[in-house]
Amino acid sequence: MVRDLLLEADLTNKSVLVIGSEQSWVEAICIYLVAASVTTLEYGEIESQHPKIKTMTPAVFRSAYQDRTLGQFDMIVPFSPL
């Protein structure tokens, strides 16, 4: 179901923000669907070895936003209760 919704969104060459994914399966789908980059925002620190996946805690995300170094996202995929 999530995969089908992401297919409809056309992630090709898009920058995607995933919120609340502790395990990187949503990110893997985004990469499979040719997203240019995927940033995961999660309370716990996550280590990713994939060159297109970046992970951030809320503190790091907030700091990057305040410093104007965060960049923009073409799509946000919430995967936890907001």
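Trainee: Which handedness does the β-α-β unit made by β1, helix α2 and β2 have?
Mentor: In this predicted model, the unit is built from β1, from helix α2 at residues 25-32, and from β2. The two strands, β1 at residues 15-19 and β2 at residues 37-41, run parallel and are joined by 5 bridges. The β-α-β unit that they make with helix α2 is right-handed.

Trainee: Which residue of β4 is the bridge partner of I19?
Mentor: Strand β1 also pairs with β4, residues 75-78, in the parallel sense over 4 bridges. I19 stands opposite L41 in β2, while in β4 the bridge partner of I19 is P78.

Trainee: Why is strand β1 described as largely enclosed by the rest of the structure?
Mentor: In a regular strand the side chains alternate between the two faces of the sheet. From β1, S15, L17 and I19 point one way, V16 and V18 point the other way, and all are buried. Strand β1 is therefore largely enclosed by the rest of the structure, the number of its residues that are buried being 5 of the 5.

Trainee: How far from E42 is the nearest side chain of opposite charge?
Mentor: E42 lies in the loop between β2 and β3, and, leaving aside residues up to four places away in sequence, E42 touches G20, S21, E22, M56, T57 and P58. Although E42 is buried, E42 has no salt bridge, and a salt bridge would need a side-chain nitrogen of Lys or Arg within 4 Å of a carboxyl oxygen. The nearest side chain of opposite charge belongs to R62, and its distance is 14 Å.

Definitions and conventions:
Residues are numbered from 1 along each chain as its sequence is written. This is a predicted model: local features need pLDDT of at least 70, side-chain atom pairs count only at pLDDT 80 or more; totals for chains, interfaces and linings use all residues. Side-chain values use heavy atoms; hydrogens and water are left out. Buried means under 20% relative accessible area, exposed over 50%, partly exposed in between (1.4 Å probe, protein chains only). Two strands pair if DSSP finds at least two bridges between them. A crossover is right-handed if, with the strands pointing away from the viewer, the path from the first strand over the helix to the second runs clockwise. Lys and Arg count as positive and Asp and Glu as negative; His and the chain ends are not counted. Contact means heavy atoms within 4.5 Å.
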